[in-house]
Amino acid sequence: MAAQKDLYDAIVIGAGIQGCFTAYHLAKHRKRVILLEQFFLPHSRGSSHGQSRIIRRAYPEDFYTQMMDECYQIWAQLEHEAGTQLHRQTGLLLLGMKENSELKTIQATLSRQGVEHQCLSAEELKQRFPNVLLARGEVGVLDKSGGVLYADKALRALQDAIRHLGGLVCDGEKVMEIKPGFPVTVKSTAGIYQGKSLVITAGPWTNQLLRPLGIELPLQTLRINVCYWREKVPGSYGVSQAFPCFLGLGLSPAPHHIYGLPSGEYPGLMKVCYHHGNNVDPEERDCPEAFSDIQDVQILGRFVRDHLPDLEPTPALLEPCLYTNTPDEHFILDRHPKYDNVVIGAGFSGHGFKLSPVVGKILYELSMKLTPSYDLTPFRMSRFPGLGKAHL
């Protein structure tokens with residue numbers, strides 16, 4: 001195994017959307033960067049694959065809504081650079097009971113942040129979206145800036161941009177060992193690399209890399225069933241019918257969020273998913289479904305039957321996806337408590353894709369010891385007590 005003696009400004013581990021945006025920002029600022037990915041690209045083993053994700057400003061927390069302003073700008077910039085469409089504005093329809101506290105909080109945040117939105121009564125919803133059925137007391141809030149991100153195209157555009165800017169993207173290289181210090185040394189299945197800084201954006205594999213560095217984050221890996229449902233009339237829930245993305249908050253029979261995107265990825269199929277899953281080892285995510293997986297699909301089936309009557313209430317297609325959740329579902333964007341040139345981005349909890357342009361910028365800033373552009377208080381690992389010997 002030949003040692004590569006080059007000294008990189010930064011080594012990034014994990015070429016999902018967060019790692020790609022981190023490497024993109026580094027390369028844009030003329031830093032020597034290498035991005036290592038254990039699987040051959042493209043792959044569907046992590047959290048960044050598939051054709052679509054929701055983009056929205058609608059959040060209960062002001063800090064996410066504020067971050068989204070710059071995210072929209074960077075997404076548009078990447079789209080311009082790539083010369084390919086990466087985003088489609090459809091609007092995002094939030095559905096919930098009139099008294100739902102989360103819906104009220106989101107509405108208040110949108111108002112406070114000056115985001116254009118519309119509150120829709122049951123009657124107005126029926127007129128605008130006749131193929132959505134509401135139970136008594138359910139209302140809607142429309143975030144007009146919401147829409148769809150073309151996830152696989154975005155990843156490809158970023159990887160191309162990193163290479164074009166002089167960065168290296170090395171797939172099929174699993175990291176075997178990290179030796180902290182200055183420089184930090186990373187040994188992969190194909191080489192040895194040295195960097196002034198290291199950024200770990202390894203999703204479900206984060207703790208495998210951090211344990212030898214004396215730290216373990218409270219991350220839980222969940223397998224999510226991404227479900228596609230057949231339209232009884234093809235296109236009836238499509239973008240051409242001006243159907244929006246939607247997010248159901250605490251709607252019966254689901255204790256967790258349910259979300260959906262207009263049909264389009266697969267002709268005649270609409271993506272409707274449960275924002276919750278079951279514990280899984282990332283190495284075994286393709287194992288047979290647990291009973292709880294089947295329960296989740298049953299909950300979705302009842303939701304589809306009751307709210308989206310023009311879909312068949314049995315999924316036509318199921319694809320697995322992994323979430324890496326923190327206990328509070330906020331991200332971890334921080335430096336290692338002992339090695340300040342090791343930066344960690346983790347715990348994106350199933351809502352990180354849309355925010356990745358700013359997450360990548362923050363991780364770039366941390367790795368270069370620049371003042372972060374945002375207040376990182378909500379994202380510090382110190383909010384979780386007892387993270388292993390590195391904290392002692």
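Trainee: What classes of residue make up the lining of the second largest pocket?
Mentor: The general idea comes first: rolling a probe the size of a water molecule over the atoms shows where empty space is left. In this structure, which is a predicted model, the lining of the second largest pocket has eight nonpolar, five charged and four polar residues.

Trainee: How much space lies in that pocket, and which residues are the closest to its centre?
Mentor: The second largest pocket holds about 220 Å³ of space. Its lining has 17 residues, and Ser52, Val148, Tyr150, Gly264 and Glu265 are the closest to the centre.

Trainee: Which elements supply the lining?
Mentor: At least two residues each come from strand 8 (147–150), helix 5 (151–164) and strand 16 (269–274). Strand 16 gives the largest share, three residues.

Trainee: How many bridges join strand 4 to strand 8?
Mentor: Three, and the two strands run antiparallel. To see one on the model, find Gln89: its bridge partner in strand 8 is Gly147.

Trainee: Now helices against helices. How are two packed helices described?
Mentor: By the angle between their axes and the distance between the axes. Take helix 2 and helix 8 (residues 356–367): their axes come within 7 Å and cross at roughly 100°. An angle from 65 to 115 degrees counts as roughly perpendicular, so helix 2 and helix 8 are roughly perpendicular to each other.

Trainee: Which residues meet there?
Mentor: From helix 2, you have Met67, Glu70, Cys71, Ile74 and Trp75; from helix 8, Ser356, Pro357, Val358, Lys361 and Ile362. By class, the residues of this contact of helix 2 with helix 8 are seven nonpolar, one polar and two charged.

Trainee: Where do the axes of helix 1 and helix 2 run relative to each other?
Mentor: The axes of helix 1 (residues 17–28) and helix 2 (residues 62–82) come within 14 Å and cross at roughly 75°. That makes helix 1 roughly perpendicular to helix 2. On the helix 1 side, Ile17, Phe21, Tyr24, His25 and Lys28 do the meeting; on the helix 2 side, Ile74, Trp75, Gln77, Leu78 and Glu81. This contact of helix 1 with helix 2 divides into six nonpolar, two polar and two charged residues.

Trainee: One last thing: do strand 11 and strand 12 run parallel or antiparallel?
Mentor: Antiparallel, with four bridges joining strand 11 (residues 184–188) to strand 12 (residues 192–200). They form a hairpin with three residues between them, and Val184 stands opposite Gly195 in strand 12. Strand 12 also has three bridges to strand 20 (residues 342–346), and that pair runs parallel. There, Val199 has Val343 in strand 20 as its bridge partner.

Notes:
Residues numbered from 1 in each chain as written. Predicted model: local features only at pLDDT ≥ 70, side-chain atom pairs only at ≥ 80, totals over all residues. Heavy atoms only, no water. Axes fitted to C-alpha atoms, helices over the stretch in contact; angles between N-to-C directions. Parallel < 35°, antiparallel > 145°, perpendicular 65-115°, else oblique. Contact = heavy atoms within 4.5 Å. Nonpolar A, V, L, I, M, F, W, Y, C, P; charged D, E, K, R; others polar. 1 Å grid on protein atoms, 1.4 Å probe; cavity = no way out; pocket = protein on both sides within 12 Å on 5 of 7 lines; lining within 4 Å. Points joined across faces, edges and corners; volume = space filled by probe spheres on them. Pairing = 2+ DSSP bridges.
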